[in-house]
There are 2 protein chains.
Amino acid sequence: MQESIEQYMQTVGQQARQASRVLSSASTETKNHALSAIYTALNNSEAAILAANKKDMDKAHSSNLDSALLDRLELTPARFKGMLDGLKDVIGLKDPIGEITDMAYRPSGIQLGKMRVPLGVVGMIYESRPNVTLEAASLALKSGNAIILRGGSEALESNQAIAAAVQHGLKTSGLPETCVQVINTPDRAAVGQLITMSEYVDVIVPRGGKGLIERISNDARVPVIKHLDGNCHVYVEAQADLQKALPIALNAKTHRYGVCNAMETLLVDEKVADEFLPRIAELYAQKQVELRGCKDVQRILGSDVKTASEEDWYEEYLGPILAVKVVSGMDEAIDHINKYGSHHTDAIITENFSLARQFLARVDSSSVMINASTRFADGFEYGLGAEIGISTDKIHARGPVGLEGLTSQKWVVFGDGQIRQ
Amino acid sequence: MQESIEQYMQTVGQQARQASRVLSSASTETKNHALSAIYTALNNSEAAILAANKKDMDKAHSSNLDSALLDRLELTPARFKGMLDGLKDVIGLKDPIGEITDMAYRPSGIQLGKMRVPLGVVGMIYESRPNVTLEAASLALKSGNAIILRGGSEALESNQAIAAAVQHGLKTSGLPETCVQVINTPDRAAVGQLITMSEYVDVIVPRGGKGLIERISNDARVPVIKHLDGNCHVYVEAQADLQKALPIALNAKTHRYGVCNAMETLLVDEKVADEFLPRIAELYAQKQVELRGCKDVQRILGSDVKTASEEDWYEEYLGPILAVKVVSGMDEAIDHINKYGSHHTDAIITENFSLARQFLARVDSSSVMINASTRFADGFEYGLGAEIGISTDKIHARGPVGLEGLTSQKWVVFGDGQIRQ
C-alpha cells in the first residue's frame, strides 16, 4: 500500500509539472475563460456538491467531531453562493503574470528588466473548510500555477465533488484537467510525499492549526509559506492621544476574537497607566473580556484582575482574554514585543514623531503600525484583492500574501548582438 | 564532544540573534563607520593575515590538495589588495535598509507601504577562498544582518585571522563583535547545527560545488539561497541574424569556461544549420573547443565530431567542450531547454518579434535573453553592485542576488486613530 501511494503521488506530481508548463504561458483570456467555465460547471453541480457535503457531515456527526469543526465543514446554499462570488472576484483580479518592470539600459547596451512568472506547482494542505478547495484552485489558475490539493479526510466527499466540477470546467476550456488535482486518499503518507517531492512541487501553502503547520514545516523539503501564530501587541505610549488609544485598543481586541490579527497583549506606558487603564478596563468589562495583568495592572485595577504568568505573554488566546502589562517606556515595550510576540502585527499609539519612527524601525514584525488597529493586517484591507494566507516568514512573502505570493520574477535581457567584453 | 559542539553552536546562534537586533536598526552612518574601521584593521593586519594564509598553504601542500584548490586558497598581496578594494566598494553601496516604498492611502484612511528590513542572521558556508570571509561579512553588515561564517577547514587559519581584524574593527566602531562570527572548529557537526538552528538563523547561503550545496539543501531546516548548476543554452533560430549569432555563440562559450553563465549546449534550427554550423565550428576550432553533436550535426560537420550522449545534454562542462543539437524549431528548442537545462540562463538569437516574445514567456529560467550573450547574467553586469550569489531557486531570490537578497520587506501602516469597521 505504502509503495502504491508513492507511485500515485509521483504520478500526481509529474502531471502537475506537465500541466504547469502549459498553464505558465497561457494568456489571461484563456485563464479567465477557464475560470468562467468552472463557474458554470459549479453552478450546474450545486445539488451534487451539497449532497456530497451532506455525506461528509453525516459521517462527521457519527464520529462525534466537535461543533467548531462541523461548522467549518458545512456547505450551506448561502456558503455555496459565497464560494461562487469569490470565484467571480478572482476572475476580476488583474493577471500578475507577464508584467515586465524596471526595464532599463545597462552600460553594456543590453536592456535589463524583470518579468513576473508563476512559481510552477503549488501544494496546498488544509483542514475541513471545503470552500478552500475552490479558492485555492482559482488563485493558482489565475497566477498560472498548477495546484495539488490535500484537504482534510473529513471533507473528502465535498472536495472531490468540487474538484470534479473544476476539472469539468478546465476540460471545456482546453486547459489540462491536471492543472487542479485533489489527492484522493486520506492516507497521511500522501502528505509526506507531497511536501518532499521538490522535483514536482515548488511551494507548499498549509492552512490550519499551528500544530499542522509546524509538522509540515519540519518535514518539508519544499519551501513552505507558513502562517504560525498571531500574538499581536498594542503599545499605548506615554504621549498617546487617549481618544485614539481607547477605540484602537478596544477594536484590536474585540472586533473579532478568533483571528490572527487580534491583539493578545496590551502594553501601557507607566506614565499614562493610571489614567488609561481604568477607562479601557471599563470598555473591556462591557464586552466581558477577561484581563490578566502584571503587578502594576493589579495595583491600578484591583486584585480581582488575574495574575499574568510568563506563559500568558506568549499566548495567542483567540478569545475574550487579554494580557496587560505596564512598561517603563519604549525600550521595554519593544524588547517585550520582539521577545514574546510572533512577529505578526504590532502597533504603537503615540503622538511623538521620533518615538513612532523608532518603533517602526525596531519592531521586527510583518506589519508595524502607528495609531491604527492591528485588525487592518489583512489581504483585503491591504488591497491585495485576495489572500493566499498571512506569512509569518521573512523569506519570499511576508504578512498578508496575495496572488503575487504565488509568483516569482525572472530577469529578461534584450539585446541586438551584445557580447561580454 | 558532540554535545559540546551543540552547546558551542547554540551560543554562537544566540549571540548572532542578539547582535542582529542591534544591527538591524543601526544607521547607515554607523554601519559605514564600522566598515571603515574594519578596512583600517585589515590594513594593519596584512602581515598577520598573509602569515596565517601561509600556514594554511603549507598544510594544504603537505596534504597534497589539488592545484585548483591551492590556487583558490592562496592570498597573495595583490589578492589582499583586491579584497580591500571590494570592501571599499561595499562602503560605497546604497544602504537598502529602511527604504519605504509604495506608500498609499487605503479606503479605510490608513496609509500603507513597505519598508525594507534585514533578514536577521545569515549563515554562510563556503570552501577554500578566504576572501569570501570578508566579502560575506561586509555585505551582511551593510544590509544590517549578523553573519555566522563557516569556511573550509583548509582555510581555517586565514579565516580566523581575517575575522580577528573584522572584529577588532567592529569593536572600535561600537557595534557588537558578534555581528560577525567565524566557526572555530573543523568538525562537520557544526554545519549540521548551523543549517538546522531555525530559531537563530534566517537564511543559509552556501558557496561551493554542487555536491556541497545539494547536501546542505537536503539537510537544512533554514531557507537556503542555493546556486546549483548553470547549464545554459543559446538557440540560433531560423530567422537569426548570423552576424549576431556567430559572436554571441562564440562569446557565450569561450569568454570564460569555468563560470556558471557559460553556454554548455548550442541549439541550431535545422533551416540555418547547414549555413551556420560550419562557420561557428571553424571559430570553435581556433579555440580548441571540443564539439559533441547529434546525428544532424555529424552529418553537416563530419563524423569526427563526437556523438553527444543523453548525459551530454544535462552536462555543465565548465570547460572547452560544447554539446550541439539541431532542432526542428521553437517548440523542440524550448522543450529541450526546459527539460535538460538548469533554469539558469538561456538565450534565443532571432529577428522574429513574435518568436522572441514566445521564447521569453515559455523558457523557465532565471535569466532569459534575446540576442545577447548568456555571459551577461552576472550581478555586476546587472548593476547590483555586489553579488551574494546566483540563485537557481524561484523562492525569495532568483538569478544574480545583490544586497537585496539579504533583505525582506515589512508592511508599515500609518494612521490617526483608524479602527476596523
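## Relation between the two chains

In this predicted model, chain A is superposed on chain B by a rotation of 180 degrees with 0.0 Å of shift along the rotation axis, and the RMSD is 0.0 Å. That relation is the one given by a two-fold axis. Within chain A, the C-alpha nearest the axis belongs to His396(A), at 1.9 Å from it.

## Domains of chain A

The domain assignment divides chain A into domain 1, which comprises 2–225 + 400–414, and domain 2, which comprises 232–376. Taken over C-alpha atoms, the centres of domain 1 and domain 2 of chain A are separated by 37 Å.

## Helices 3 and 7 of chain A

Helix 3 of chain A (residues 46–62) packs against helix 7 of chain A (residues 156–173) at an angle of about 165 degrees, and their axes are 7 Å apart. Because angles over 145 degrees count as roughly antiparallel, this description applies to helix 3 and helix 7 of chain A. The crossing of helix 3 of chain A past helix 7 of chain A is right-handed.

On the side of helix 3 of chain A, the contact is made by Ala48(A), Ile49(A), Ala52(A), Asn53(A), Lys55(A) and Asp56(A). Helix 7 of chain A contributes Leu156(A), Glu157(A), Ser158(A), Ala161(A), Ile162(A) and Ala165(A).

## Helices 6 and 7 of chain B

In chain B, helix 6 (residues 131–142) and helix 7 (residues 156–173) have axes that come within 10 Å and cross at roughly 30 degrees. Since angles under 35 degrees count as roughly parallel, helix 6 and helix 7 of chain B are placed in that class. Helix 6 of chain B passes helix 7 of chain B with a right-handed crossing.

The residues of helix 6 of chain B that make the contact are Thr133(B), Leu134(B) and Leu141(B). Their counterparts on helix 7 of chain B are Asn159(B), Ile162(B), Val166(B) and Leu170(B). This contact of helix 6 with helix 7 of chain B divides into five nonpolar and two polar residues, with no charged residues.

Definitions and conventions. Residues numbered from 1 in each chain as written. Chains lettered and ligands numbered in written order. Predicted model: local features only at pLDDT ≥ 70, side-chain atom pairs only at ≥ 80, totals over all residues. Heavy atoms only, no water. Axes fitted to C-alpha atoms, helices over the stretch in contact; angles between N-to-C directions. Helix = DSSP H or I, 4+ residues; strand = E, 2+ residues; numbered from the N terminus. Parallel < 35°, antiparallel > 145°, perpendicular 65-115°, else oblique. Left-handed = near helix turned anticlockwise from the far one by under 90°. Contact = heavy atoms within 4.5 Å. Least-squares fit on C-alpha atoms with pLDDT ≥ 70 in both. Nonpolar A, V, L, I, M, F, W, Y, C, P; charged D, E, K, R; others polar. Domains from an automatic or database assignment.
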